[in-house]
Amino acid sequence: MQERRPLVWLSAVYPVLITSEPLLKDWQLIHIALAGRPPANLKSCHGARVGVFDLASMKKDQLTYLPEWLDAIPVQHWVATLESHQVHNPDICALINRYCKDYHTLPLQADRLHAILGHLWGMSELEARISLSRPGSYHDFALEGDSPAIRQVRTLLTKFARTEEPVLIYGENGTGKEAAARFIHDNSARKNKPLVVVNCAALPRSLTQNELFGHEKGAFTHAMSAQKGRIEAASDGTLLLVGVDELCEEQQSAILRFLQEGQIERLGSNTSISVDTRLIATSTRPLEQLVETGAFRSDVFYRLGSLHVLLPPLRDRKEDIPVLANRILSATPSTQGPRRLSGATLICLAEHPWPGNLRELQNRLRQALLLGEGPKIEAEDMDLAAAPSGSQQRSRELSLDAFRSRADRQAISVSLALTHNNVSAAARLLNISRVSLYRLMEKHRLPHGASARSPKNN
């Protein structure tokens with residue numbers, strides 16, 4: 001007998017009618033009762049990949065919190081059930097459009113619901129097999145970490161995802177600009193629609209219009225049938241222009257009308273086609289500077305939107321390196337089994353300037369998995385060799401005591417500067433005794449010959 005597959009059923013009341021009929025005989029029902037905001041322990045749903053949320057059972061105040069529940073529950077594909085009259089509610093339509101692969105009006109048709117749930121489960125299995133068969137890419141983890149820099153980026157991207165405005169993403173090569181674009185798309189109302197990626201650097205000048213706008217049958221010699229362009233293929237979804245700063249002036253002119261009016265014309269046609277697509281562009285160079293030098297058209301730049309985000313280079317988020325490195329290692333198959341980074345290697349990783357950012361980190365780790373031996377990855381395996389004595393010195397410099405000492409010295413220096421070297425006033429500012437401050441100054445060998453001077457009276 002086939003094991004029943006887990007199915008999340010999100011509703012305001014327990015679905016008695018559903019469980020009393022053979023409607024879900026092939027599914028193990030996991031009922032989640034919607035009440036207020038979602039709790040913090042919804043990360044596991046016993047392997048459920050599909051879910052149903054029952055709009056018919058929810059009141060207006062419960063619908064307010066429904067998006068938070070749908071974002072919190074780790075389900076890949078949702079199906080909505082609702083009353084017939086609810087289809088005419090624009091807010092509910094927007095909710096279904098954002099989260100659902102399908103919807104069903106009451107009364108439910110068992111065969112139809114079985115068919116769509118089985119189809120979505122099968123698709124999720126295919127997605128899981130594909131992800132297991134390919135090595136993990138740094139794009140999968142680029143936005144992870146707890147550094148202030150990446151937390152601020154995630155906050156901005158979340159806000160941008162709630163809008164329909166164009167977004168311009170800046171960052172050095174290898175910082176994860178495409179990952180940021182996918183984050184916006186996956187958290188937007190267009191998440192179930194296509195995300196079409198155009199690599200601007202690989203777009204030939206002579207084929208730009210054909211690639212972007214498509215053509216009609218007979219538009220040129222080998223045009224045997226009509227074909228959509230990349231922009232039209234992104235209709236109702238998101239268009240991602242990767243490396244928009246690589247477009248030449250002629251190519252920039254070609255997309256101007258689309259940016260202005262949301263309309264295109266296929267080659268060989270005089271008919272305008274309206275395209276509803278969300279635009280996201282990435283750039284490694286500041287477009288404002290390119291506009292000033294005349295390398296980029298100002299009218300194109302201003303139509304790329306006013307929402308900008310700068311992805312931090314890896315050297316500005318070094319506290320995230322251990323997490324990112326371990327995530328890449330766990331996602332990369334190794335014939336020698338699990339590997340981990342040695343302590344000396346972690347120190348070298350923190351000191352390296354990372355000019356190639358996350359892409360360089362991924363490449364060096366994959367090199368280490370191929371060339372290294374033993375359970376630990378050493379710095380030499382990543383071509384980051386360092387002298388042993390230097391490693392010991394850096395280990396001392398990166399110890400917790402070293403960080404505390406630097407913080408103590410900074411606090412003492414700042415407090416003395418603010419109080420014009422008045423030790424008593426500085427001690428009060430630091431909320432410690434005068435004797436304790438003298439001891440700290442002695443410990444850290446800070447000069448206090450001038451510290452007995454009182455602040456000048458104004």
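Keep in mind that the model is predicted. The protein has 18 helices and 16 strands, and 42% of its 458 residues are buried.

**The big picture**

- If you look at contacts between residues at least 6 apart in sequence, 70% of them join residues at least 24 apart.
- The protein exposes about 25100 Å² of surface, and carbon and sulfur atoms supply 51% of that.

**Helices α5 and α6**

- When two helices pack, we describe them by the angle between their axes and the distance between the axes.
- Start with α5 (residues 148-161) and α6 (residues 177-186): they pack at an angle of about 45 degrees, and their axes are 8 Å apart.
- On the α5 side, the contact is made by Arg154, Leu157, Thr158, Phe160 and Ala161, while α6 brings Ala180, Phe183 and Ile184.
- Sorted by class, the contact of α5 with α6 has 6 nonpolar residues, 1 polar and 1 charged.

- The buried residues of α6 are Lys177, Ala179, Ala180, Ala181, Ile184 and His185.
- Those buried residues pack against α5 and also against the strands β6 (167-170), β7 (195-199), β10 (238-242) and β13.
- Now hop over to strand β13 (residues 278-283), where you'll find Thr282.
- Thr282 is buried, because its relative accessible area is 1%, and the cut-off for buried is under 20%.
- Leaving out residues up to four places away in sequence, Thr282 touches Ile169, Lys177, Leu240, Leu241, Val242, Gly243, Val244 and Asp245.
- One of those partners, Lys177, is also on the list of buried residues in α6.

**Helices α2 and α3**

- Here's a second pair: α2 (residues 60-72) and α3 (residues 90-99) pack at an angle of about 0 degrees, with axes 12 Å apart.
- That angle makes α2 roughly parallel to α3, because anything under 35 degrees counts that way.
- From α2, the contact uses Leu63, Leu66, Pro67, Leu70 and Asp71; from α3, it uses Ile92, Leu95, Arg98 and Tyr99.
- The contact of α2 with α3 splits into 7 nonpolar residues, no polar ones and 2 charged ones.
- Thr64 also sits in helix α2, and at 55% relative accessibility it counts as exposed.
- Thr64 and Gly36 are 28 residues apart in sequence, yet their C-alpha atoms are 9.0 Å apart in space.

**Backbone details to look up**

- Find Leu106 and Pro107: a cis peptide bond joins them, with omega about 0 degrees.
- Pro107 is in the loop between β5 (100-105) and α4 (110-133).
- Trp354 has a phi near 55 degrees, a positive value in a residue other than glycine.
- You'll find Trp354 in the loop between α13 (343-351) and α14 (357-371), and it is buried, with a relative accessible area of 0%.
- Asn357 also has a positive phi, near 55 degrees, and again this is a residue other than glycine.
- Asn357 lies in helix α14, and at 0% relative accessibility it counts as buried.

Note on methods:
Residues are numbered from 1 along each chain as its sequence is written. This is a predicted model: local features need pLDDT of at least 70, side-chain atom pairs count only at pLDDT 80 or more; totals for chains, interfaces and linings use all residues. Side-chain values use heavy atoms; hydrogens and water are left out. Axes are lines fitted to C-alpha atoms, for helices over the stretch in contact, and angles run from 0 to 180 degrees between N-to-C directions. Helices (H or I, at least four residues) and strands (E, at least two) are DSSP runs, numbered from the N terminus. Contact means heavy atoms within 4.5 Å. Ala, Val, Leu, Ile, Met, Phe, Trp, Tyr, Cys and Pro count as nonpolar, Asp, Glu, Lys and Arg as charged, and the others, Gly among them, as polar. Buried means under 20% relative accessible area, exposed over 50%, partly exposed in between (1.4 Å probe, protein chains only). Accessible areas come from the Shrake-Rupley method with a 1.4 Å probe; for residues, only the protein chains shown count as cover. Angles under 35 degrees count as roughly parallel, over 145 as roughly antiparallel, 65 to 115 as roughly perpendicular and the rest as oblique.
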